[in-house]
Each structure stands twice: as structure tokens, then as C-alpha cells.
Amino acid sequence: MPYNTQIGDEINILARYNLKTTQEGLKIHSSAESNVIEAAQRLFDKDLITQADGGYLTPLGRKAAEHAQDLLLIIKG
């Protein structure tokens, strides 16, 4: 699957989650850029987050966030 800006936007949201706790979520405000709002909606539609405007990671979302954050650590080298 080739990388595109939509995937990048979704990865950027997943990268913001604090994986040290399950008690901390994200809130995407209505004033956020449209690409961020749309990315959050796609993550919700994929059952990776609990709310269309952020919320908490689902179990599948946690795995995705772990992989996304690991990938970013590797490529930032």
C-alpha cells in the first residue's frame, strides 16, 4: 500500500496517543484543520478510536498506535 497524505494524517493522530496509560484520550476540536478532523473520522470508521473526534484507542487502535509510534522512532533514527 503506497503512502499518501490521508495515511500520514491518520498516523499523526495515532502518534499523539500516550501509550503509557489507557486513561488518556484525545479531543479533536471542531476548529482543527479539516484534514485532521477527516483523519479522526476515518480512524473511528476503522474502529481504531472510540469517538469520531478522538476519544480513546480501541484494542485494535492501541496496536495500530504502537506500530505507528515504533515506526516513527525507527525512521527518525
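L71 is partly exposed, with a relative accessible area of 41%; partly exposed covers the range between buried, under 20%, and exposed, over 50%, with a 1.4 Å probe and protein chains only. This is a predicted model, where local features need pLDDT of at least 70, side-chain atom pairs count only at pLDDT 80 or more, and totals for chains, interfaces and linings use all residues. Residues are numbered from 1 along each chain as its sequence is written, and side-chain values use heavy atoms, leaving out hydrogens and water.

L71 sits in helix α3, and so does I74, in a helix of residues 59-76. Helices here are DSSP runs of H or I with at least four residues, strands are runs of E with at least two, and both are numbered from the N terminus. I74 is exposed, at 65% relative accessible area.

Next, the loop. D47 lies between α2 (34-45) and β2 (49-51). Its phi is positive, about 60°, although D47 is not a glycine. Most residues other than glycine have a negative phi. D47 is partly exposed, at 47%.

Now the whole chain. The protein has 3 helices and 3 strands, in the order α-β-α-β-β-α. The radius of gyration is 12 Å, close to the 11 Å from the globule rule for 77 residues, so the protein is as compact as a globular protein of that length. That radius is taken over C-alpha atoms, and the rule is 2.2 Å times the number of residues to the power 0.38. Buried residues make up 27% of the 77.
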